[in-house]
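Please examine the model shown below alongside its sequence. The explanation that follows is meant to be read with both in view.

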Amino acid sequence: MWSRARAASVLPMTDLARAAVLEHFRWQGGHADVWRVFADANALRLVVEGLVAPWRDAGVTRVAGIEARGFLLGGACAVALGCGFVAIRKADGMLPGPKASLRADEDYRGQRHTLRMQCMLTPDDRVLLVDDWAERGSQATTAAALVRSCGAEFLGLSVIVDQLTADRCAELPRVTTLVRAEELGDPDAG
């Protein structure tokens, strides 16, 4: 397991999760196909366990996920941790009730998304963000700001694939990941 915020012992579960990602991940026409990891029930179970293992003793009360893959992973990780899930939607998705909203910096495609979250967090909440891939970290830092704007504590990010720069990673309190992007090979070779 890779952790940029602090050294941690490598847990057998994170080793298994890492192996599952490396086995099932494919490049398709230059695009990352993480969905193949989720299509295998055992690989999905291992990945979820690998994502939550470093956070089991962190007092997480809510897991947040950004649509779309963050919903799948975040919901599964919330169940694994025995806590609630908070959806972070992009501008066009339905989201009833009072909301917090912030515009993210450009993502890896040069797009700037407005992220929205229902105002349901309290100062007692300790929130973990879960996602499949962190390229530039613009959405992760915006999600952290949304969580804080609702008065909750943002604990950090647990991600399958990490492509963050050291500067961006320093903006987040803690980042744990299963695989570094450069370990997945050349996108043009797939």
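The paragraphs below treat the nonpolar cores, the helix packing and then several individual residues.

This is a predicted model, in which local features need pLDDT of at least 70 and side-chain atom pairs count only at pLDDT 80 or more, while totals for chains, interfaces and linings use all residues. Residues are numbered from 1 along each chain as its sequence is written, and side-chain values use heavy atoms, with hydrogens and water left out. Helices (H or I, at least four residues) and strands (E, at least two) are DSSP runs, numbered from the N terminus.

The nonpolar interior comes first. A nonpolar core is a set of buried Ala, Val, Leu, Ile, Met, Phe, Trp, Tyr and Cys residues joined through side-chain atoms within 4.5 Å; buried means under 20% relative accessible area, exposed over 50%, and partly exposed in between (1.4 Å probe, protein chains only). In soluble globular proteins, nonpolar side chains tend to be buried together. Here the largest such core contains 33 residues, and those with the most contacts inside it are Val47, Leu51, Val60, Val63, Trp133, Ile160 and Leu178. Two or more residues are given to this core by each of α1 (12-24), α2 (35-39), α3 (41-52), α4 (69-81), β8 (126-134), β9 (153-162) and β10. Its largest share, six residues, comes from α3. Another core, of 25 residues, lies apart from it and has Leu121, Ala134, Ala140 and Ala152 among its members.

Leu178 shows how parts of the chain come together. With neighbours within four places in sequence left aside, Leu178 is in contact (heavy atoms within 4.5 Å) with Thr14, Ala17, Arg18, Val21, Val47, Gly50, Leu51, Val159 and Ile160. Thr177 belongs to strand β10, which spans residues 175-180. Because its relative accessible area is 2%, Thr177 counts as buried. Its side chain makes polar contacts, that is, pairs of N or O atoms within 3.5 Å; within protein, one atom must be able to donate a hydrogen and the other to accept it, and residues adjacent in sequence count only if both atoms are side-chain atoms. The side chain of Thr177 reaches the backbone oxygen of Ile160 at 3.0 Å and that of Val179 at 3.3 Å.

The helix packing can be followed next. Two packed helices are described by the angle between their axes and the distance between the axes. Axes are lines fitted to C-alpha atoms, for helices over the stretch in contact, and angles run from 0 to 180 degrees between N-to-C directions. Angles under 35 degrees count as roughly parallel, over 145 as roughly antiparallel, 65 to 115 as roughly perpendicular and the rest as oblique. A crossing is left-handed if the near helix is turned anticlockwise from the far one by less than a right angle, and right-handed if clockwise.

α3 and α4 pack at an angle of about 70°, their axes being 9 Å apart. α3 is therefore roughly perpendicular to α4, and α3 passes α4 in a right-handed crossing. On the α3 side the contact is made by Leu44, Val47, Val48, Glu49, Leu51 and Val52, and on the α4 side by Leu72, Leu73, Ala76, Cys77, Ala80 and Leu81. Not counting residues up to four places away in sequence, Val48 touches Ala76, Cys77 and Ala80. Val48 and Ala80 are 32 residues apart in sequence, with 7.6 Å between their C-alpha atoms.

The axes of α1 and α3 come within 8 Å and cross at roughly 135°. α1 is therefore oblique to α3, and α1 passes α3 in a left-handed crossing. Met13, Thr14, Leu16, Ala17, Ala20, Val21 and His24 of α1 meet Ala43, Leu46, Val47, Glu49 and Gly50 of α3. Ala19 also lies in α1, where it counts as partly exposed at 41% relative accessibility.

Some local features remain. A cis peptide bond joins Glu67 and Ala68, with omega about 10°; Ala68 is placed in the loop between β4 (62-66) and α4. His31 is found in strand β3 (residues 31-33) and counts as exposed, because its relative accessibility is 56%.
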